[in-house]
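Hi,

Here is the structure I promised to pass on.

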Amino acid sequence: MDTPHAPPPPAPGRIGLLLTGGGARAAYQMGVLKAIARIGREAGAPRSSPYQVIAGTSAGAINAAALACQADRFDAAVSEVVDIWSQFRSEQVYRTDSLGIIRTGAPWLTMMSFGWALHRWRRARPHSLLDNSPLEALLLRMVRFDRLPRLMADGHLHALAVTASSYSSGEHVTFYECHEDIAPWTRSQRLAVRTRLGVRHLLASAAIPFVFPATSLPVHERVGWFGDGSMRQAAPISPAVHLGAERVLIVGAGRMHEPPGGHLEISGYPSVAQIAGHALSNIFLDALAVDIERLQRINSTLALLSPEALARTPLRPIEALVIAPSQRLDDLAGKHLDSLPRTVRALLRGVGVSGQGDTARGAALASYLLFESGYTRELIALGEADAQAKRNEVRAFFGWDRRAGALAATPRQAVEPPPETARLTSSSRT
């Protein structure tokens, strides 16, 4: 185990890390961070965390919290979380045994088929398709929230934010913990709550709608029920900016634009799984793409202002480096459907997930639930490749290209991303 490292000296432009949602797709994020850590080591960068602000949503919140709670040994933390994702099994996240599936999935599918007319289903009221109680046990071992106050007091971390969506009030809530006095903010249908973060915040943030049950959390004087933070998340980048980040590394969990020519469509009426997968893509991907475009427009507008006018506006330019998958994760998931436990495959067949590889149906839905090592390792490898393809931009973003000739004698990889990826992952500078 690596020993803790001293916090780095303050650098111009506080760096934030934003990890978005996507269930099992979040393994991709760890591949990106693994490659960036390697690029930093090659450049002679400090071994401590380069991210002063860390924000996460859904499964990205789990990665964010696990890394934030080990900000004093960040490289080692990245390796440990990568190892967890590399060895994942679905039973670590949700119950896959026959009894567990019967208690959750079977009643839920029956309710979908026959409605609430049957009196016994009124009494049973199944809460979700799957029981994610194993995830709580994993998070208690994986995330050391008790370390956060000391890490922040010692300067290893400025703030950590976890977002969730309230079924009770309809608001999007950012729960955050910090050492300095950062006032909460309120916007239309979204607000921030300063609190001591814990495992329940992660369970709430990662509760994919319909798939995992809601979690109760206190907000001020009331207790509400919360689900996945990607729902109604109009401004995913906002929490990192409010908490003081001036540069933000954004790691997505799905393609933001399709390549020219589109994707081969499967004929016939769409199954529940296909519709659910489409809805989840809307929840997890669309808001981020829109927010990135908004950030770029604001940066372009601010660049036109005079120094005097810029000083009079509360807005400020935010540099963002975005790295997102260069391949369709639905297609990758289609190759690994058979790795799911038999009980889960049977359950998903009930909503239309079937086939294998290029002929798979409903793979988009399965891509969020495929917590199996074959799939997660492929996602990690893709994340590493995509980050490595942006090596020069990564070094420029972190300022590692200005360090003493650490890379001068090292041949650079001649790896270029495809044109579409280059457009999505370019940093916006002002």
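Below is what turned up, starting with the nonpolar cores and moving on to a few loop residues.

Keep in mind that this is a predicted model. The largest nonpolar core has 103 residues, and the members that touch the most others are Ile36, Tyr51, Phe145, Leu160 and Leu249. Take Ile36: leaving aside residues up to four places away in sequence, Ile36 is in contact with Tyr51, Leu249, Ile323, Ala387, Val394, Phe398 and Trp400. As a general point, nonpolar side chains in soluble globular proteins tend to be buried together.

Now for the loops. Two non-glycine residues with positive phi are worth a click. Ser58 has phi near 60° and sits between strand E2 (53-57) and helix H2 (59-68). With a relative accessible area of 1%, Ser58 is buried, the cut-off being under 20%. Gln189 has phi near 65° and lies in the loop that links strand E5 (186-187) to strand E6 (190-194). Gln189 counts as partly exposed because its relative accessibility is 44%, which falls between the 20% and 50% limits.

Last one: where is Ser354? You'll find Ser354 in the loop between helix H13 (342-349) and helix H14 (363-369). Ser354 is partly exposed, at 31% relative accessible area. Its C-alpha atom is 9.6 Å from that of Asp338, a residue 16 positions away along the chain.

Cheers

Terms used: Residues numbered from 1 in each chain as written. Predicted model: local features only at pLDDT ≥ 70, side-chain atom pairs only at ≥ 80, totals over all residues. Heavy atoms only, no water. Helix = DSSP H or I, 4+ residues; strand = E, 2+ residues; numbered from the N terminus. Buried < 20%, exposed > 50% of the residue type's maximum accessible area, 1.4 Å probe, protein only. Core = buried A, V, L, I, M, F, W, Y, C linked by side-chain atoms within 4.5 Å. Contact = heavy atoms within 4.5 Å.
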